[in-house]
Every structure is written in C-alpha cells, then in structure tokens.
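Q: Could you walk me through this one, please? I'm new to it and would like to take it a piece at a time.

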Amino acid sequence: MHGHIIPTRTYLLVCGALLVLTGATVAANFVELGVFNTVAALAIAGAKAALIVLYFMHVRYSGGLTQLIVLAGLLWLGLLLVGAMDDYLTRGWLPVPGK
C-alpha cells in the first residue's frame, strides 16, 4: 500500500490555521452579529471540519473512490438537514387541540 507523504510543514500550517479558526470562533462569540452569530459559527466550524477531513484524514491525496464516498456522506448529511428543517419550519401549521 503506497500512501502520499505529507510534509511536516503542511501539518504545522493546518494546525496553525485550526488554532486561528478556533480563535475566530471565540472572537465571534463576543461580537454581536444578531441572527448571523449562528451563521458565522457554523461557517467557521465547517472550515475547520474541511481542514481536518482534507489533511488529517488524508482525503485530499486519496483516490477518487474515497472522495466519492466523502461527497456521498456530505450529500446524505444535507438531505438529513433539509428533512429536519422541513419538519421544524412546518410545526406551527397544524392547530393544537384544546387551544
């Protein structure tokens, strides 16, 4: 089994980026963005997750099948989130008995 050897410098740069993004998460907590606080936190979390999957899980240097499986997992996650949001957003449409 042959694997791609990633230089130590790349790991250190990714680690530094993760630390900067963690600091950005903490800083975003103290900035009042209104409804966009959650959006900012999720965007930063998504960037951190992408770095971890690409470099620490070696998906960036993997074959096409591994990348296809990761893409299918992201598609499935999206479908689950859409289904959950559909349920959440339509909860108030039906009347509650007794009210």
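**Working through the model**

A: Valine 26 sits in helix H1, where helices (H or I, at least four residues) are DSSP runs numbered from the N terminus. Before going on, note that this is a predicted model, in which local features need pLDDT of at least 70 and side-chain atom pairs count only at pLDDT 80 or more, while totals for chains, interfaces and linings use all residues. Residues are numbered from 1 along each chain as its sequence is written, and side-chain values use heavy atoms, with hydrogens and water left out.

Q: Okay, so is valine 26 buried or exposed, or partly exposed?
A: Valine 26 has a relative accessible area of 47%, so it counts as partly exposed; buried means under 20%, exposed over 50%, and partly exposed in between, with a 1.4 Å probe and protein chains only.

Q: How do H1 and H2 run, parallel or antiparallel?
A: The axes of helix H1 (residues 8-30) and helix H2 (residues 36-56) come within 10 Å and cross at roughly 165°, the axes being lines fitted to C-alpha atoms over the stretch in contact, with angles from 0 to 180 degrees between N-to-C directions. H1 is therefore roughly antiparallel to H2, a label for angles over 145 degrees.

Q: What comes up in the loop between H2 and H3?
A: Histidine 58 lies in that loop, and its phi is near 60°, a positive value in a residue other than glycine. Its relative accessibility is 34%, so histidine 58 counts as partly exposed.

Q: Changing topic, how many salt bridges are there?
A: The structure holds 1 salt bridge, meaning a side-chain nitrogen of Lys or Arg within 4 Å of a carboxyl oxygen of Asp or Glu. The side chains of aspartate 87 and arginine 91 form it, at 2.7 Å from N to O.

Q: Are those two buried or exposed?
A: Aspartate 87 is partly exposed because its relative accessible area is 36%, whereas arginine 91, at 58% relative accessibility, counts as exposed.

Q: Last one, where is leucine 81?
A: Leucine 81 is found in helix H3 (residues 64-89), and at 51% relative accessibility it counts as exposed.

Note on methods
Helices (H or I, at least four residues) and strands (E, at least two) are DSSP runs, numbered from the N terminus. Angles under 35 degrees count as roughly parallel, over 145 as roughly antiparallel, 65 to 115 as roughly perpendicular and the rest as oblique.
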